[in-house]
Amino acid sequence: MRLAVAGATGNIGALTVAALERDGHEVVRMSRSGGVDLSTGEGLDAALAGVAAVVDVISMPAAGADETVAYLGGATRRLLAAEERAGVRHHVLLSIVGVDRVGGNAHYAGKREQERLVAAGPVPWTVVRATQFHDFAEMVAGWGERDGGASLAPLLVQPVAPADVAEVLAETAVAEPRGTHLDLAGPEPQDLVDMARRTHAARGREVRLVPTWSGVFGPDMAGEVLLPGEGARIAPTTFEEWLAAQR
């Protein structure tokens with residue numbers, strides 16, 4: 001099949017491209033560096049010619065809720081309109097487990113807008129909602145690291161390997177549209193602070209970690225809010241297996 005990946009130069013995008021090409025598909029890499037600009041629509045029609053399905057894994061730098069909703073919403077509208085013109089038969093969106101249960105986070109607001117537009121749009125669709133990736137704890141701790149210490153929320157998550165996410169996205173893209181959401185998670189729940197501690201240890205780093213709800217993530221994300229729902233697809237790679245590969 002001829003398929004397109006929006007956000008192809010990012011981590012998940014590159015892994016998805018690799019998975020699709022390994023399986024013999026022709027992949028159009030849609031990115032600004034490749035001449036496709038979702039903020040203006042430039043290059044979209046040419047890129048989507050003959051494409052059967054699109055995998056959307058676009059993201060944006062941290063910003064406020066209004067900016068995030070405006071950017072991701074605008075990009076999604078332009079992408080769906082171009083897909084309709086090109087006769088694309090399946091739109092696959094990468095979203096987040098718990099996106100409809102968290103109110104105050106800007107990125108979640110942007111993903112909710114994407115989901116709304118995709119579900120109401122003209123192209124048959126599937127949304128893959130993934131849990132946080134295995135490197136998420138290290139990334140969050142790095143946002144606030146100062147003088148050998150870092151604060152982060154004690155989130156309960158069920159982390160998933162990026163490569164496993166890419167495999168499911170590739171599999172979904174070549175299947176029939178579901179018109180619904182699929183939760184995807186790793187095998188086991190983990191505590192974010194403990195994940196950060198273990199990741200730092202695997203990399204030979206010592207960082208003093210302080211659990212707090214006063215940072216980027218608030219108490220509306222506590223408890224089981226970020227865990228997958230019943231019937232979720234469980235990916236095979238454990239956090240321990242991912243950690244072992246980091247040493």
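Before I turn to the structure, one definition: a polar contact is a pair of N or O atoms within 3.5 Å, where, within protein, one atom must be able to donate a hydrogen and the other to accept it, and where residues adjacent in sequence count only if both atoms are side-chain atoms. What we have here is a predicted model, in which local features need pLDDT of at least 70 and side-chain atom pairs count only at pLDDT 80 or more, while totals for chains, interfaces and linings use all residues. Residues are numbered from 1 along each chain as its sequence is written, and side-chain values use heavy atoms, with hydrogens and water left out.

The side chain of His25 reaches the backbone nitrogen of Met1 at 3.1 Å. His25 lies in the loop between H1 and S2, where helices (H or I, at least four residues) and strands (E, at least two) are DSSP runs, numbered from the N terminus. Is His25 buried or exposed? Its relative accessibility is 19%, so His25 counts as buried, the term meaning under 20% relative accessible area, with exposed being over 50% and partly exposed in between, for a 1.4 Å probe and protein chains only. Leaving aside residues up to four places away in sequence, His25 touches Met1, Leu3, Leu20 and Val174, a contact being heavy atoms within 4.5 Å.

Now to the strands around this loop. Strand S1, residues 2–6, has four of its five residues buried, so it is largely enclosed by the rest of the structure. From S1 the chain crosses through helix H1, residues 11–22, to S2, and this β-α-β crossover is right-handed, which is to say that, with the strands pointing away from the viewer, the path from the first strand over the helix to the second runs clockwise. S1 pairs with S2, residues 26–30, in the parallel sense over five bridges, pairing being assigned if DSSP finds at least two bridges between two strands. Within S2, Val28 is the bridge partner of Ala4. S1 also pairs in the parallel sense with S3, residues 53–56, over four bridges, and there Ala53 is the bridge partner of Leu3, a residue that His25 touches as well.

Finally, the protein as a whole. Its secondary structure comes to eight helices and 11 strands, and 51% of its 247 residues count as buried. Among contacts with a separation of 6 or more, 80% are accounted for by residues 24 or more positions apart. The C-alpha atoms fill a box of roughly 55 × 40 × 35 Å, taken along the principal axes.
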